Amino acid sequence: MEGFVLPNETHVTWTVMIVLYPYITGLVAGAFIVSSLYHVFGLEQLRPIARFSLVSAFAFLLFATVPLLNHLGSPERAFNIMITPHFTSAMSGFGFVYAAYGIIVLLEIWFHYRADFIARYESSRGLVKSIFRIILLGSTVRTEATDRVDHKLVKVLAGIGIPVACILHGYVGFLFGSIKANPWWSTPLMFIIFLFSAIVSGVSVLIFLYQFVHWLRRAKINQVTLDTMARFLWGFMIVAVVLELMDVLSIAYEQTEEWAILKELITGKLWYTYVICQLLICSLGPFVFLSITTLIRLPRRWSNGLIFLSAVLLLTQVLLMRWNVVIGGQLISKSYRGFTEYLPGVFAKEGLIAAATIFIIPFVLLWAFDKIFPFFTPDESQEGTPDAV
Amino acid sequence: MSEKHDMATRRRFLQFALFNTAGLCVGSLVAFGSSDDSASPSGPDDLSRFDWGFIVDTTRCIGCGSCVRACKIENDVPDGYFRTWVERYEIDEEEKVHVDSPNGSLESFRQDYVRSKHIVKAFFVPKLCNHCRNSACTQVCPVGATFHSPDGVVLIDREHCIGCGYCVQACPYGCRYISHSLGTADKCTLCYHRIHRRLETACVMACPRDARICGNLKDPRSRIRRLLHERRYSLLKPELSTNPKCYYIGLDLEVK
């Protein structure tokens, strides 16, 4: 505790769970947007990663609410948010936006995988066959015409999904940005900062998994796909970081009443997590690395290594950004005269082990899904790779 | 013959309709027109005649902490959390401001916060929920569990609150907390169970200096209205437009 904090502020209300929630939601939105770049905007270079990104979005989506449920004081009443929504609250739309987005992603996956489901249905017997019949909702016929309809519907759903993904994540930013009581949160830019950081984290996690899985399997990566994703990551991260800096810069330049306490926050409590780690190491580092890989021709090994490192650093950057926003904002006393403290417990209900478990489960789910329907087939990685080494 | 019969039936019908309409009109007038006056003073119908407000006279508070203790006992406030607390402000000869509120002043202020410097100005400021007219906490509650009662008190429905903590974040005054035993948000109810029965709040009862006044802002003859006309007062964080109903007499610029 530093200076004076109001007596009720000695306990931080929103814990590491609420750090994790926008982080996971960001991965959902980012991964979905990557898949849509292929499905809607026809970026052929992203084809090998399109289906993987779509399923990743769904895997993260399934677990986005888990940290929230773990955090709620009365989780058994969670559905009140949909039964009795109070529409003056920014939070009341959550259930509906989340559900709508979940349905869109689920439908898109279904149409995307219908052909694979049918193939499995036809080649299997007994119980498995029945399961696939249920998954297929009895629609087991595949012709050229059905394929055309499936593709068209995937495209339409991906198109609808883009604004919904933006709303889902931008809205998470709005939850914080609309709290006028908190000077570190209250900014109209929060909406768009969260959106861009979401895309950065989504692209980063895809690059990370794509390279990691291929390294693990000693498989050849599709260099064009990776380079395209790295270029997108470079562009999106520049916008995200500039927006974050512009926000702080404008408050600092205006020298508002809040700046006195925010300056102390940045140079004190958040010095390491915000200035050193988030800005210097995890933003400036990837910016330099990705600038090199995008602008200068390096040996493949080197450039792929730098891309991988940048993806890991940017994943950390976004996690740190969530931490610095969610926890940082709560450290400031509403008396503007001091700072409270927060250290998550390790074994606590909302501690680090619980957070790590919730974060890891979607990856396990992806691994299990890959066992049934492999994401990366050898011929896919060779497509469109004239300059792959 | 049949034409005559028709005429008679029509006449009877019109008479019937006319008498009935007149009866309904007169009946309604009697039933609803006088309802305002006939309701009993403590009945639920007269809640709209009240608008509860609060005055904190910072010039009278001596920081004894009786209000905090009374509130804790009356409302079973969990340890480490406060529905009301008292802050102490001390300004030294170098114009540095020192503020403290050890354990919300539950055990009063047993020792000087600043011992080495000469104090040129000192005062106490009790705080509690401001029961804002435009309350940020009510606005952000996603399930509508926090609401304004018809008599102007911000309350929480403990059986509906999901304990998300959004209201705790939205309150600019740090008046809310999550009660871990209830799993819901909690805060000052202005002793609603007492004021509803025309009893004073626990903190008002306990204050030995008459530094706290609770009353009906809609009653032009109430003490709270008279004091607001006689004294100069201020609000906490008026720039946030929450329109608080907790009025501070003698509020210093240093208090946020």
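This is a predicted model: local features need pLDDT of at least 70, side-chain atom pairs count only at pLDDT 80 or more; totals for chains, interfaces and linings use all residues.
Helix axes are here lines fitted to C-alpha atoms over the stretch in contact, and their angles run from 0 to 180 degrees between N-to-C directions.

| Pair | Axes come within | Crossing angle | Handedness |
|---|---|---|---|
| H2(A) (residues 47-63) and H13(A) (residues 352-372) | 9 Å | roughly 140 degrees | right-handed |
| H1(A) (residues 16-39) and H13(A) | 10 Å | roughly 15 degrees | right-handed |

H2(A) is therefore oblique to H13(A). On the H2(A) side, the contact is made by Phe52(A), Val55(A), Ser56(A), Ala59(A), Phe60(A), Leu62(A) and Phe63(A). H13(A) contributes residues including Ile358(A), Pro362(A), Leu366(A) and Phe369(A). By class, this contact of H2(A) with H13(A) holds 13 nonpolar residues, one polar and no charged.

H1(A) and H13(A), by contrast, are roughly parallel to each other, because angles under 35 degrees count as such. Val16(A), Met17(A), Leu20(A), Tyr23(A), Ile24(A) and Leu27(A) of H1(A) meet Ala354(A), Ala355(A), Ile358(A) and Phe359(A) of H13(A). The contact of H1(A) with H13(A) comprises 10 nonpolar residues, with no polar and no charged ones.

**His169(A)**

His169(A) lies in helix H7 (residues 144-177) of chain A. Its relative accessible area is 0%, so His169(A) is buried. A polar atom of the His169(A) side chain lies 3.3 Å from the backbone oxygen of Phe194(A). Not counting residues up to four places away in sequence, His169(A) touches Pro22(A), Thr25(A), Gly26(A), Ala29(A), Phe194(A), Leu195(A), Ala198(A) and Arg322(A).

Methods:
Residues are numbered from 1 along each chain as its sequence is written. Chains are lettered from A and ligands numbered from 1 in the order in which they are written. Side-chain values use heavy atoms; hydrogens and water are left out. Helices (H or I, at least four residues) and strands (E, at least two) are DSSP runs, numbered from the N terminus. Buried means under 20% relative accessible area, exposed over 50%, partly exposed in between (1.4 Å probe, protein chains only). A polar contact is a pair of N or O atoms within 3.5 Å; within protein, one must be able to donate a hydrogen and the other to accept it, and residues adjacent in sequence count only if both atoms are side-chain atoms. Contact means heavy atoms within 4.5 Å. Angles under 35 degrees count as roughly parallel, over 145 as roughly antiparallel, 65 to 115 as roughly perpendicular and the rest as oblique. A crossing is left-handed if the near helix is turned anticlockwise from the far one by less than a right angle, and right-handed if clockwise. Ala, Val, Leu, Ile, Met, Phe, Trp, Tyr, Cys and Pro count as nonpolar, Asp, Glu, Lys and Arg as charged, and the others, Gly among them, as polar.
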